[in-house]
Amino acid sequence: AGGKARWGILSTAQIAHKVVAAMHDADNAEVVAVASRSLDKATEWAKAHDVPKAYGSYDELLAADDVDVVYIPLPTAMKTEWA
């Protein structure tokens, strides 16, 4: 990835809208995927935010070979399960 960290976003939560914009602006980051519990929601979000891949489950994103780092914009109560 040319020295860039390849990011996956584990949720389409509201805060992710702000964070993905910053990731796109960063020279050392590339957003490669987003996951939601709904593939339709992930696909729609990915198209709206210029993210190439969408997954319909968090587990799929976590298993992806092209994701180096995962951002978890989930409510605090849910983060422990996915961190």
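This is a predicted model: local features need pLDDT of at least 70, side-chain atom pairs count only at pLDDT 80 or more; totals for chains, interfaces and linings use all residues.
View 1. Four strands, in the order β3-β2-β1-β4, form an open sheet in which the pairing is parallel. The edges of this sheet are taken by β3 and by β4 (69-71), each of which pairs on one side only. On average, and with direction ignored, neighbouring strands of the sheet are turned by 30° against each other.

**View 2. Strand β2 within the structure.** Strand β2 covers residues 29-35, and because 6 of its 7 residues are buried, the strand is largely enclosed by the rest of the structure. In a regular strand, the side chains alternate between the two faces of the sheet.

**View 3. Pairing of β2 with β1, and the helix that links them.** Strand β1, which spans residues 5-10, pairs with β2 in the parallel sense over 6 bridges. Within this pairing, Gly8 has Ala33 of β2 as its bridge partner. Together with helix α1 (residues 14-25), β1 and β2 make up a β-α-β unit that is right-handed.

View 4. Strand β3 (residues 53-55) runs parallel to β2 and is joined to it by 3 bridges. Two positions can be followed across the strands: Val34 stands opposite Ala54 in β3, and Ala35 stands opposite Tyr55 in β3. Helix α2 packs on the sheet, where it touches β1, β2 and β3, and the direction of α2 makes about 160° with that of β3.

**View 5. Ser36 in the loop between β2 and α2.** Ser36 is placed in the loop that lies between β2 and α2. With a relative accessibility of 7%, Ser36 counts as buried, because the cut-off for that class is under 20%. When its neighbours within four places in sequence are left aside, Ser36 is in contact with Thr12, Lys41, Ala42, Tyr55, Gly56, Ser57 and Tyr58.

Methods
Residues are numbered from 1 along each chain as its sequence is written. Side-chain values use heavy atoms; hydrogens and water are left out. Buried means under 20% relative accessible area, exposed over 50%, partly exposed in between (1.4 Å probe, protein chains only). Two strands pair if DSSP finds at least two bridges between them. A crossover is right-handed if, with the strands pointing away from the viewer, the path from the first strand over the helix to the second runs clockwise. Contact means heavy atoms within 4.5 Å. Axes are lines fitted to C-alpha atoms, for helices over the stretch in contact, and angles run from 0 to 180 degrees between N-to-C directions.
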